[in-house]
Amino acid sequence: MLRRLLVFIPWFLILSGCATTSDRVEPYAVAAKQAEQYEASGDYQRAADMYWLTAEKLRAGEDAVFRIKAAEMAFVAKNYAQTNAILRRVNEKGLSPVETARKRLVAARLAVHQNDIAEARRLLSFPRQG
């Protein structure tokens, strides 16, 4: 009887370990999932707000992707003041080339909307690589 119990203990520990790791959810994951759902349904203002909330739950350096996404959604929702405010909070230093391009594209679209073509050109003049 003791032998059977000793055989099942390791299996029980393995299975209980799997259950606890799959139940753990990152604090930002719920807001990010909700933002994706709002975006998919065409509710861009709520998507912007939820992407912003997601970014606020992350550390500096990890938040840029969600801040840029929030700016994109705010622009699509025609909330230009929010778009501008969000873009000012995204520092290009430390961004990947893709993140930099996405930020600049949103900023250029905003500049065109504000009839500032010179600023849009400046934003779209990416340095050439290689």
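## How helices 6 and 7 cross

Helix 6 and helix 7 cross in a left-handed way, meaning the near helix is turned anticlockwise from the far one by less than a right angle (clockwise would be right-handed). Helices here are DSSP runs of H or I with at least four residues, numbered from the N terminus. The touching residues (heavy atoms within 4.5 Å) are Arg104, Leu105, Ala107, Ala108, Ala111 and Val112 on helix 6, and Ile117, Glu119, Ala120, Leu123 and Leu124 on helix 7.

Helix 6 covers residues 97–113 and helix 7 covers residues 117–124; they pack at about 170°, with axes 8 Å apart. That angle makes the pair roughly antiparallel, a label for angles over 145 degrees. Angles run from 0 to 180 degrees between N-to-C directions, and the axes are lines fitted to C-alpha atoms over the stretch in contact.

## About the model

This is a predicted model: local features need pLDDT of at least 70, side-chain atom pairs count only at pLDDT 80 or more, and totals for chains, interfaces and linings use all residues. Residues are numbered from 1 along each chain as its sequence is written, and side-chain values use heavy atoms, leaving out hydrogens and water.

## The two sides of helix 2

Which residues of helix 2 are buried? They're Ala31, Ala32 and Ala35, where buried means under 20% relative accessible area (1.4 Å probe, protein chains only). They cover an arc of only 100° around the axis, so they sit on the same side of helix 2; the arc is taken from the directions from the helix axis to the C-beta atoms. Their cover includes helix 3 (44–56) and helix 4 (64–76).

Over on the other side, Val30, Ala40 and Ser41 are exposed, which is over 50%.

How values were computed: Angles under 35 degrees count as roughly parallel, over 145 as roughly antiparallel, 65 to 115 as roughly perpendicular and the rest as oblique.
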